[in-house]
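Reader: I have a model open and a few things to go through. Mind if I put the questions to you one at a time?
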Amino acid sequence: MSTENLNIKEDLDSVQLAPAQQVELNNLLNECHEYLQHCDDELITKAFTLSFLSHQGNARASGEPYYLHPLEVTRIVVKEIGMDDVSVAAALLHDTVEDTEVSLEDIRREFGDVVAHLIDGMTKISGVFKNKGVKQAETFMKLLLSMADDLRVVLIKFADRLHNMRTIQHLPRKKQLNIATETMELFAPLAHRFGIYNIKSEFEDLSFKTLDPTGYKFIARKLREKKDAREAFISKFMEPVEEQLESSGFRFTIKGRPKHIYSIYRKMTRQQKPFEEIYDLFAIRIILLDPHTKEDCWRVYSFITDSYTPIPERFRDFISVPKANGYQSLHTTVITNTGQKVEVQIRTEQMDEIAEKGFAAHWRYKEGAKKEEDINRFVDWVRDVLDNPRPDAAVEFVEDFQLNLYTDEIYVFSPKGELITLPKGATPIDFAFEIHSEIGERALAAKVNGKIVPLRQKLKSGDQVEIITGKQFNLNPDWINDVVTHKARARLRQFIKQKERKVSDQGREIWARKAERAGIELPDQELAKIANKLKYPSTQKLFFDIGSGVFDVGKLVKAVKSYVSKGRIDEAETGEDAVSSATDHYQIAHDLKNTGGTSEGLILNGELTDVRYSYARCCNPIPGDDIIGFISREGDIKIHRVSCKNTRHLIKTDGERIVDISWARNIGSQFMAAIRVVGEDRVGLVSDLSSLISKTLKTNMKSVNVTSDSGMFEGTLIIMVEDIKHLDKVISRLQKVEGIKEVYRYE
Ligand code: MN
């Protein structure tokens with residue numbers, strides 16, 4: 001035993017906490033008593049004390065003493081996730097082994113194997129996150145692996161990340177962007193898969209606030225403005241229902257919280273609708289207090305439909321058929337006598353806790369065998385995901401994972417009556433792969449509810465599905481567009497890659513024969529350079545185009561000859577069509593090209609530089625926007641808005657190429673911006689708008705595109721502005737035009 005170990009033991013036994021820390025410890029213990037089923041005070045006291053002692057003298061980026069971080073993480077574990085006392089001890093000590101003198105052996109000796117095991121897991125994951133060279137997808141796989149080991153490690157990691165996100169403003173901007181992107185891309189989907197709705201929502205909102213502060217503030221302000229009206233509406237709507245509930249002796253609470261900010265944003269961008277048009281910004285939730293049961297939920301449903309007319313297609317019974325993450329509730333949408341649609345969710349207190357805390361709520365509610373069964377089912381899912389480790393497919397996997405998470409589920413039946421859960425939009429092909437990969441590979445047709453249907457037809461909840469298979473292998477690469485499950489997509493991608501490899505091998509042979517006849521001998525490395533000059537990312541892609549006849553091998557011969565003799569390729573010799581066909585195949589950075597210029601206008605990493613730059617066309621940044629630079633393969637800088645969806649992708653795949661940039665004070669040029677206008681159609685509206693813009697506001701208008709339909713008018717205006725202030729001025733002036741309902745910047 002080392003002397004250090006002895007110190008820890010002595011310190012733990014002899015130390016007297018100062019009054020301030022004693023208060024913090026007592027508060028924590030009180031919270032544990034309130035939220036946990038079982039609480040070992042001695043264990044938690046000891047963990048708190050060691051956490052305090054070992055982090056002494058260290059501070060966080062905010063300047064606060066370091067031990068407050070593990071303390072806050074622990075409070076999240078207790079109050080917002082609701083785990084057990086062993087997890088509480090592990091949360092208090094989660095950074096000790098990595099950041100302090102305390103060793104894993106010390107922890108094992110003082111706190112036992114389980115706490116040591118959890119902290120070991122936390123230390124390992126944190127190592128993965130610190131290693132900059134590791135791509136996000138691999139990190140994700142590691143997270144999943146540690147989950148299969150002990151799910152509590154990941155739950156504590158969620159709490160750790162949540163507290164780091166809550167205090168992210170103290171970090172440098174570039175770090176903020178990386179952490180926020182990672183949180184949005186990895187942690188939020190995983191929290192969703194665990195069903196921890198409250199934490200998933202906060203992950204998304206805090207990331208969104210970091211990545212797009214302007215968008216976040218806009219929606220937050222709109223929500224505040226509507227708060228009183230929303231509350232008044234809810235109480236009026238609930239009046240008749242509450243009367244019935246009370247006279248029948250129900251005990252209940254009502255929640256009418258709005259959707260979280262990021263989900264509103266996602267809806268606005270996905271449906272291209274202004275804030276006001278997203279009618280279901282909130283759902284009214286009726287929570288029946290203990291000891292009400294699921295039968296009571298149905299009675300409440302009948303009270304609601306006594307007062308309002310339900311829309312049958314929007315009824316969902318997640319009580320009889322819970323979602324895969326354990327969510328249970330009744331959902332119905334009704335129409336008021338003023339024609340407004342309102343979504344109502346009915347559930348018991350226990351169902352509500354599972355809805356908010358998801359998987360973690362099992363630690364509280366489910367006991368013994370049932371708990372084991374649920375945990376095993378989850379671990380099985382993780383194992384299944386990890387079963388086919390194809391490292392090149394990690395990024396694709398994460399994309400599939402996210403795709404599957406945010407879609408709703410449908411429930412279909414096998415011929416034997418087995419219930420299969422699939423994402424919405426699934427086809428019989430997905431179903432076939434879900435049953436067995438061999439069935440997917442040999443599928444010929446499907447029978448849905450007894451009728452033969454094409455394999456590509458979308459399934460509905462309640463369908464009974466039978467797959468008709470042939471003897472032969474029958475995979476069709478075109479199916480990739482008709483499947484939504486990870487299993488089916490992964491198998492089809494693998495198949496497509498095999499086919500591509502064949503074609504590109506053929507292309508390589510064609511080239512080898514031609515080269516031999518022309519007497520050319522060129523090492524592969526040199527050939528790769530020529531492929532790049534021809535705008536191909538690799539020789540494999542070039543050979544693929546040769547093999548499939550898209551690129552003429554004769555042109556490659558000419559290019560090689562001119563490269564060998566002059567050290568460069570003449571444009572004319574590669575041939576116009578060759579280059580253009582290559583570029584539409586691979587959409588390289590070129591389609592972002594814009595007018596650009598040298599960088600008088602931008603401050604790069606805090607200093608003026610002479611780098612060439614251009615503005616990304618996908619998001620058209622204008623001065624005042626939050627921006628970021630991305631060094632392209634050609635060595636110039638593409639400028640994107642931080643809120644641009646491509647930015648997120650770039651941070652994810654190529655974080656090292658990001659540079660911090662900001663606008664200089666005087667740019668002195670004009671920038672393109674699009675504005676969307678929605679309103680009532682009337683005679684002269686377009687001319688009113690255009691004269692307001694060009695005469696009153698002295699702003700250049702590049703184009704107007706208008707459609708009108710049943711009295712409504714929708715238009716997109718492209719104008720030239722100096723900066724964001726200029727744009728805001730135009731938007732706020734347009735809002736005052738008679739009949740105009742909504743004006744907003746459009747991407
Ligand atoms: Mn931490």
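Reader: Which side chain does the side chain of Thr716 join in a polar contact?
Author: That of Arg676, at 2.6 Å. Bear in mind that this is a predicted model.

Reader: And where does Thr716 lie?
Author: In strand E21, which covers residues 712–721.

Reader: Is Thr716 buried or exposed?
Author: Buried, because its relative accessible area is 15% and the cut-off for buried is under 20%.

Reader: What else is Thr716 in contact with, leaving aside neighbours within four places in sequence?
Author: Besides Arg676, the list has Ala674, Ile675, Ser703, Val704, Asn705 and Tyr746.

Reader: Changing topic. What coordinates the manganese ion?
Author: His69 and His94 through NE2, and Asp95 and Asp160 through OD, at 2.3 to 2.5 Å. Along the chain the donors follow the spacing H-x24-H-D-x64-D.

Reader: Where do His69 and Asp160 sit?
Author: His69 is in helix H4 (residues 68–81) and Asp160 in helix H10 (residues 151–166). They are 91 residues apart, so the pair links distant parts of the chain. His69 is buried at 2% relative accessible area, and Asp160 is buried at 6%.

Reader: Now the packing. How many residues does the largest nonpolar core have?
Author: It has 70, and Ile107 and Phe158 have the most contacts inside it. H10 gives the most to this core, nine residues. Domain 1 (8–211) and domain 4 (584–663) each supply at least three.

Reader: Which residues are in the second core?
Author: That separate core has 29 residues, including Tyr613, Phe671, Leu697 and Ile719.

Notes:
Residues are numbered from 1 along each chain as its sequence is written. This is a predicted model: local features need pLDDT of at least 70, side-chain atom pairs count only at pLDDT 80 or more; totals for chains, interfaces and linings use all residues. Side-chain values use heavy atoms; hydrogens and water are left out. Helices (H or I, at least four residues) and strands (E, at least two) are DSSP runs, numbered from the N terminus. Buried means under 20% relative accessible area, exposed over 50%, partly exposed in between (1.4 Å probe, protein chains only). A polar contact is a pair of N or O atoms within 3.5 Å; within protein, one must be able to donate a hydrogen and the other to accept it, and residues adjacent in sequence count only if both atoms are side-chain atoms. Contact means heavy atoms within 4.5 Å. Donors are N, O and S atoms within 2.8 Å of the metal (3.2 Å for Na, K and Ca); water is not among the atoms, so sites may look incomplete. A nonpolar core is a set of buried Ala, Val, Leu, Ile, Met, Phe, Trp, Tyr and Cys residues joined through side-chain atoms within 4.5 Å. Domain bounds come from an automatic or database domain assignment.
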